[in-house]
Amino acid sequence: MAASDKTVDPAVFGQNLRRLRAAAALSQADLAQRVNAATGGWGNSGTQIARFERGLHRPQPRTVAALATALGCTPTDLLEPAAARDEREACARIADQYAEESAANHDYDQDFREGRIIAARDIATRIRAAR
């Protein structure tokens, strides 16, 4: 989904931006400074970051990319609704749990030969990477 797409929900973007900024322990001004340093100064300010976080502005694609880089995440992390992110993580946890239970409760050599544990771990990795 492109950031310029009219289906991008500014409220979802804002919630994700606030969550990821807080997780990175950055103030709005600190984040704006990082983005400006990385982009040669597009004029982003703490005030602009605050407007994005309140869902008042729809982000441009280059802004999404710059914010994602500054936060160490992917653009999808900023654009994806929480429900989709939570569902993906739940599927990955189930695959991890299956792999752990398979290793603990079965003949590991047989499971390994049959590819069960590797497949479950691979599924978990692929689910998490599909952002």
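Predicted model: local features only at pLDDT ≥ 70, side-chain atom pairs only at ≥ 80, totals over all residues.
## Helix α3 and its buried face

Helix α3 spans residues 46-53. Its buried residues are I49, A50, F52 and E53. Viewed down the axis of α3, these residues fall within an arc of 160 degrees, so they line one face of the helix. An α-helix has 3.6 residues a turn, so residues three or four places apart point the same way.

The cover over the buried residues of α3 includes α1 (10-23), α2 (28-39) and α4 (61-71). After α3 comes G55, which has a positive phi, near 75 degrees.

## Packing of α1 on α3

The axes of α1 and α3 are 7 Å apart, and the two helices pack at an angle of about 125 degrees. On the α1 side the contact is made by P10, F13, G14, Q15, L17, R18 and R21, and on the α3 side by I49, F52 and E53. By type, the residues of this contact divide into 5 nonpolar, 2 polar and 3 charged.

## The aromatic pair

How many aromatic pairs are there? The count comes to 1 aromatic pair. F13 and F52 form an edge-to-face pair, with 5.6 Å from centre to centre and 85 degrees between the planes. F13 belongs to helix α1 and F52 to helix α3, so the pair ties together parts that are 39 residues apart in sequence. Both F13 and F52 are buried. The two residues also take part in the contact of α1 with α3 described above.

## Packing of α2 on α3

Helices α2 and α3 pack at an angle of about 110 degrees, and their axes are 7 Å apart. This makes α2 roughly perpendicular to α3, because the angle falls in the range of 65 to 115 degrees. From α2, the residues Q28, A29, L31 and A32 meet G46, I49, A50 and E53 of α3. The residues of this contact divide into 5 nonpolar, 2 polar and 1 charged.

I49 and E53 are among the α3 residues that meet α2, and I49 and E53 are also among those in contact with α1.

Apart from neighbours within four places in sequence, N16 is in contact with D77, L78, L79, E80 and R85.

A37 is found in helix α2. With a relative accessible area of 67%, A37 is exposed. A37 and A70 are 33 residues apart along the chain, and their C-alpha atoms are separated by 9.4 Å.

R128 is part of helix α8, which covers residues 116-129. Its relative accessible area is 29%, so R128 is partly exposed. Leaving aside neighbours within four places in sequence, R128 is in contact with R88, E89, A92, R93 and D96. From R128 to R85 the C-alpha to C-alpha distance is 9.2 Å, and the two residues are 43 apart in sequence. R85 is also one of the residues in contact with N16.

Conventions:
Residues numbered from 1 in each chain as written. Heavy atoms only, no water. Buried < 20%, exposed > 50% of the residue type's maximum accessible area, 1.4 Å probe, protein only. Helix = DSSP H or I, 4+ residues; strand = E, 2+ residues; numbered from the N terminus. Arc of directions from axis to C-beta. Contact = heavy atoms within 4.5 Å. Axes fitted to C-alpha atoms, helices over the stretch in contact; angles between N-to-C directions. Nonpolar A, V, L, I, M, F, W, Y, C, P; charged D, E, K, R; others polar. Phe/Tyr/Trp six-rings, centres within 6.5 Å; stacked < 30°, edge-to-face > 60°. Parallel < 35°, antiparallel > 145°, perpendicular 65-115°, else oblique.
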